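These are my notebook entries on a single chain. I set down what I looked up, entry by entry.

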Amino acid sequence: SKQWALAARPVGMPKLSDFAMSEAEATDPKDGEIQVRNSWMSVDPYMRGRMYDRESYVPPFQIGETLTGGAVGKVTASAHPDYAVGDLVTSMAGWREAWTAAPDAMMANKVPQTGLPDSALLGVAGMPGLTAYAGLLRVAALKEGDTVFVSGAAGAVGSTVVQIAKIKKCTVIGSAGGTEKCNLVKSLGADAVIDYKQHNSYESLLGALKAAAPKGIDVYFDNVGGDHLEAAIECARPMARFAECGMISQYNATEPTPGPRNIIQVVGKQLSIRGFIVSTHADMQPQFLQDMAGWIQSGQMKFEETVMEGIEAAPEAFLGLFQGRNKGKMLVKLG
Ligand code: NDP
């Protein structure tokens with residue numbers, strides 16, 4: 001089966017040549033191990049951070065080592081008492097078609113039947129879904145009636161944020177790149193959309209946000225950083241809360257990027273600007289799954305996916321995140 005490793009640490013925007021594919025024979029499970037064939041793997045923006053050789057909340061990927069990431073698959077052989085052939089498992093053993101290891105070594109978990117498609121376990125009902133849920137409900141302490149601004153609104157996390165905020169009876173302004181994505185965000189219930197690619201300067205983006213939220217915003221869910229963050233500070237109402245989820249506009253920067261020039265407003269407006277990592281909020285998982293399953297069933301929560309076919313396409317799918325090639329969750333379907 002095939003697998004991907006990092007061939008070189010990317011400088012700036014990653015290139016296909018930064019990745020190397022190899023083939024390995026599937027091995028039989030030893031005592032306590034399982035053999036799994038992956039059906040889906042996830043590519044996520046945080047993986048870019050792990051490609052730098054630096055300390056962070058997750059250790060860096062090593063050159064030549066098979067990459068890891070979210071995956072879903074089925075057990076094909078088992079020497080573990082809790083796993084049987086055919087069991088569905090989520091794991092961190094992505095970037096490969098198949099694997100044999102102890103479940104714990106790959107952070108594998110058996111998944112009960114949810115009625116959802118397997119791919120949803122990597123998106124709306126998985127890590128990005130919980131990120132939206134925890135970020136909005138706990139980190140930003142969302143209240144009914146809030147005006148919420150969310151960037152990256154057509155992506156996996158952002159599109160879920162839009163819908164949770166609507167379920168909680170908030171006014172939602174979403175920003176995304178391009179007409180097609182803005183139409184998607186609108187169809188998910190957003191009250192206003194901003195096509196940030198039509199607003200090439202900070203002033204223009206700020207003008208669009210002011211027009212969409214004439215009375216200001218109570219919550220900013222930040223997926224992109226940069227000009228969006230500065231505009232959100234400018235439009236923030238007193239006591240507004242910012243959930244700092246990600247800053248993808250800076251992940252490929254080769255130099256430190258300037259901070260928001262209006263940061264001084266944090267004091268006078270008494271803003272709460274709080275970063276968070278989804279794993280810190282793992283305690284919300286049971287409630288999240290229960291709510292999410294209900295919302296999907298009732299039709300209140302829709303989820304879009306962009307699917308690339310085959311393990312060969314994995315680096316291209318990953319690069320696509322930084323080129324905005326995905327609507328909803330970017331996924332790789334494995335053969
Ligand atoms: P998305 O599905 O949103 O995909 C990435 C999107 O980012 C692209 O489709 C693109 O959309 C947008 N984008 C790319 N480059 C830029 C840019 N320079 N400026 C503005 N937008 C850009 O990814 P996820 O939903 O998985 O992740 C969204 C954010 O959440 C990321 O910042 C990620 O790091 C963060 N995250 C944080 C977690 C945490 O625990 N804190 C957990 C999971 C995700 P467009 O075409 O609209 O530009």
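**Entry 1: helix α3.** I began with the buried residues of α3, which are Ala-156, Val-157, Gly-158, Ser-159, Thr-160, Val-161, Val-162, Gln-163, Ile-164 and Ala-165. I call a residue buried if 20 or more other C-beta atoms lie within 10 Å of its own, exposed if 12 or fewer, and partly exposed in between, with C-beta atoms placed from the backbone. Because 10 of the 12 residues of α3 are buried, the helix is largely enclosed by the rest of the structure. The cover over these buried residues includes α2, β8 (147–150), β9 (171–176), α4 (179–187), β11 (217–222) and β15 (329–333). Helices (H or I, at least four residues) and strands (E, at least two) are DSSP runs, numbered from the N terminus.

I also checked the length of α3: from first C-alpha to last, its 12 residues reach 17 Å, close to the 16 Å expected at 1.5 Å a residue. The expected span is 1.5 Å times one less than the number of residues. Just after α3, I noted a positive phi of about 60° at Lys-169.

**Entry 2: basis of the notes.** The model is predicted, and I required pLDDT of at least 70 for local features and 80 or more for side-chain atom pairs, while totals for chains, interfaces and linings use all residues. Residues are numbered from 1 along each chain as its sequence is written.

**Entry 3: the ligand shell.** Which residues come nearest to the ligand? Of the 28 residues around the ligand, they are Gly-155, Ala-156, Gly-177, Gly-246 and Gly-324. A residue is counted as near if its C-beta atom, placed from the backbone, lies within 6 Å of the molecule. I found that α2 (127–139), α3 (156–167) and α9 (314–322) each supply at least two residues of this shell; the largest share, 3 residues, comes from α3. By type, I recorded 16 nonpolar, 10 polar and 2 charged residues in the shell. Here Ala, Val, Leu, Ile, Met, Phe, Trp, Tyr, Cys and Pro count as nonpolar, Asp, Glu, Lys and Arg as charged, and the others, Gly among them, as polar.

**Entry 4: the two domains.** I took the domain bounds from an automatic or database domain assignment. Domain 1 (2–120 + 304–333) and domain 2 (127–279) both give residues to the shell around the ligand, so the ligand lies between them. The centres of domain 1 and domain 2, taken over C-alpha atoms, are separated by 29 Å. Their contact takes 15 residues from domain 1 and 15 residues from domain 2; two residues are in contact if their C-beta atoms, placed from the backbone, lie within 7 Å. On the side of domain 1 that touches domain 2, I recorded 5 nonpolar, 6 polar and 4 charged residues.

**Entry 5: two loop residues.** Ile-248 lies in the loop between β12 (236–244) and α7 (265–268). Is Ile-248 buried or exposed? It has 21 C-beta neighbours inside 10 Å and therefore counts as buried. Not counting residues up to four places away in sequence, Ile-248 touches Pro-45, Gly-152, Asn-223 and Val-224.

I then turned to Gly-145, in the loop between α2 and β8. Gly-145 counts as exposed because 10 C-beta neighbours lie inside 10 Å. Leaving aside neighbours within four places in sequence, Gly-145 is in contact with Lys-169 and Cys-170.
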